[in-house]
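I opened this notebook to record what I looked up in the structure, one topic at a time.

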Amino acid sequence: MEKQTAYASSERRRLEVSAQTHGIVCAHHHLYSSLVRGMPAPKQDSKSFLDILNNIWWRVDAALDNEMIYWSAMLGATEALMSGTTCIIDHHESPNCIEGSLTTIAEACKTVGVRVNTCYGVTDRWDDNQHLHSKVSPLSEMTSAAKRGLDECDQYLSAGGTGMVGVHAAFTCSDETLTAAAELAKKHSVGVHIHVAEGVDDIQSGARLESLAQDNWLLIHAVHLDRYLKGRVVHNARSNMNNSVGYAKPTQRSNKILLGTDGIGADMIEEARIAYARLREFDVSAEPTTVWQWLENSLELFPGAKNDVVTFDYDFADSPWHAAFTTNMTAIDVEVAGEKVLVDRQPTRVDLAEIRAKANEQALRLYERLT
Ligand SMILES: [Zn+2]
């Protein structure tokens, strides 16, 4: 009965049934995927992970222009804040709009009030004649598209942008490109942010990256990685299930594990719940504290997030055993670097309705290009 009384006044509700956490990090996102929800079904059926890349993602990223990139980032960043996620590690690809794309993303996130670390994901899958190759020979020469991607990372980082050097994945890159990406990352004292052995098509990535990987690299997925590689492994439980690539068994790796969404929003508490359920399916003795530790591990990459404050509408939101099973708790207020950027579930710096309308316009433009 006492709690029912507390709900009578919103002020009392805040005092009595809310809990605060620090800012939450999404350790692997693709902000441009904010526009992809609801896209027309591809003409061809996808029977494998490589089909999904060919039929969906490599058509989408090739169609992106600057306006689409900006409004997808605005929407993705705003939705992140509304989930209590104050930091996003973004991996971006737009082969027909490379130059300036990282600055566009950074500006959008800054406008919303979200911290971002972004990178351009270089690849040799588009050859110099604009032909798409699903797999690239390690012995081939670096393409001009990969060179432009590296230049974009270099320029963005040289100008003081927060980011990494992105690589799509080893199986779409020549050895020359992988080595150049590793060298560029070293030059800027950052890591490489790369998809690793997400599907069986990238089974060679462990052997090819072994001499290059460093402790500051972000290894995304590592589902079929056949050896230890230096770096942090980012687990994306729902994306892996959605693409039917297999379970990554993150608890069996000695790397530090982080949690990402791989572009399916940025609600990290929901992602943690899903990762926990998938972990329990694998190991019934697992505890939610393991998965919530994966969220904590990301703070090393965004130390400022420790001082961000997220107020949830549930009084045990800061307890993994509660949060793992409380499916409807939401962020009420969010403070980033001392500024309230979400109040009463609404962003303070931007107009949510306007962002949804503009993002929808861009989504329709994108779908037109895909048909
Ligand atoms: Zn990804």
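**Nonpolar core.** I began with the largest nonpolar core of this predicted model, which holds 104 residues. I asked which of its residues touch the most other members. They are Ala77, Ile88, Cys109 and Leu219. I then looked up which helix gives the most to this core, and found that helix α4, residues 66–82, contributes 9 residues. As background I noted that nonpolar side chains tend to be buried together in soluble globular proteins.

**Contacts of Ala77.** I set aside the neighbours of Ala77 within four places in sequence. The contacts that remain are Ile88, Ala108, Cys109, Val112 and Val114. Two of these, Ile88 and Cys109, I had already listed among the core residues that touch the most other members.

**Open sheet.** I next traced a sheet of 6 strands, which is open and has parallel pairing. Its order reads β5-β6-β7-β8-β9-β10. I asked which strands stand at the edges. They are β5, residues 121–122, and β10, residues 257–259. Each has a single partner strand, so one side of each is left without a neighbour in the sheet.

**Helix α11.** I turned to helix α11, which spans residues 288–297 and lies across β9 (232–235) and β10. Its direction makes an angle of about 85° with β10. I looked up the buried residues of α11 and listed Pro288, Val291, Trp292, Trp294 and Leu295. Why do they line one face of the helix? Seen down the axis of α11, these buried residues fall within an arc of 140°, so they share one face.

**Val60.** I placed Val60 in helix α3, residues 49–63.

**Confidence.** Lastly I checked the pLDDT, whose mean over the protein chain is 94, with 96% of residues reaching 70 or more. Over residues 1–14 the pLDDT is below 50, and this stretch has 6 contacts in the model beyond near neighbours in sequence.

Technical notes: Residues numbered from 1 in each chain as written. Predicted model: local features only at pLDDT ≥ 70, side-chain atom pairs only at ≥ 80, totals over all residues. Pairing = 2+ DSSP bridges. Helix = DSSP H or I, 4+ residues; strand = E, 2+ residues; numbered from the N terminus. Contact = placed C-beta atoms within 7 Å. Axes fitted to C-alpha atoms, helices over the stretch in contact; angles between N-to-C directions. Core = buried A, V, L, I, M, F, W, Y, C linked by C-beta atoms within 7 Å. Buried ≥ 20, exposed ≤ 12 C-beta atoms within 10 Å, placed from the backbone. Arc of directions from axis to C-beta. pLDDT = per-residue confidence, 0-100.
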